[in-house]
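Hi,

Here is the structure I promised to pass on.

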Amino acid sequence: MATKLEEAVAQRLEPWSAALGADRPVYTNHVLRVLSFCDALAGRTSGNTTAPSTREEFLTAAVFHDLGAWTANTFDYLAPSIDLAREWLTANSREDLIPLVVTMIDDHHKIRRAHGAEVELFRRADTIDVTAGLRRFGMARNDYRAVLDRYPATGFRPRLARFAAERTRAHPLSPFPMVKW
Ligand SMILES: [Fe+2]
């Protein structure tokens with residue numbers, strides 16, 4: 001049976017199933033891993049009402065953070081992803097969260113530490129997933145494995161590699177436009 005978290009993510013991604021196409025399960029699991037890592041880094045169990053993954057700002061940032069890569073068909077996807085998050089928050093009367101969520105998405109590939117507890121937690125969680133757990137910010141190896149077992153990363157890295165290859169062909173001098181110092 002799907003958990004509340006899985007349902008919340010599936011519901012938010014539903015309108016984008018055509019844009020995601022065959023990548024939908026790949027992206028869904030990435031979102032669920034990032035949210036699970038947020039919970040683990042915060043010392044919370046997923047499903048607990050105090051877990052970051054139950055908060056609208058984390059759900060929205062996670063669901064939309066890379067989505068522009070598919071909807072706008074570009075590896076320079078921070079701006080289109082931010083636009084989608086802003087639309088969702090406006091449609092759901094959570095305009096109050098727009099400044100925070102915009103920063104969470106905009107800084108999620110920052111190389112250096114980000115400002116703001118939520119922004120930094122989200123950046124760390126995404127980094128754990130993109131580095132396949134090589135960087136874990138103190139998270140136990142077993143906690144990392146448990147998340148991977150539940151939400152396998154099958155197809156995730158090959159997809160990123162294809163995005164990177166397409167981008168490098170089109171913009172050889174700017175292969176990773178979404179990475180910030
Ligand atoms: Fe990501």
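Let's begin with a helix pair: H3 passes H4 in a right-handed crossing (right-handed if the near helix is turned clockwise from the far one by less than a right angle, left-handed if anticlockwise). Helices here are DSSP runs of H or I with at least four residues, strands are E runs of at least two, and both are numbered from the N terminus. This is a predicted model, where local features need pLDDT of at least 70, side-chain atom pairs count only at pLDDT 80 or more, and totals for chains, interfaces and linings use all residues. Residues are numbered from 1 along each chain as its sequence is written.

On the H3 side, the contact is made by Val 31, Val 34, Leu 35 and Cys 38, and H4 brings Phe 58, Ala 62 and Val 63. Being in contact means that the C-beta atoms, placed from the backbone, lie within 7 Å. Seven of the contact residues are nonpolar, with no polar and no charged ones (nonpolar is Ala, Val, Leu, Ile, Met, Phe, Trp, Tyr, Cys and Pro; charged is Asp, Glu, Lys and Arg; the others, Gly among them, are polar).

Now the whole protein. It has 10 helices and zero strands. Of its 181 residues, 35% count as buried, i.e. 20 or more other C-beta atoms, placed from the backbone, lie within 10 Å of the residue's own. The C-alpha atoms fill a box of roughly 45 × 40 × 35 Å along the principal axes. Among contacts between residues at least 6 apart in sequence, 56% join residues at least 24 apart.

Cheers

Notes. Contact = placed C-beta atoms within 7 Å. Buried ≥ 20, exposed ≤ 12 C-beta atoms within 10 Å, placed from the backbone.
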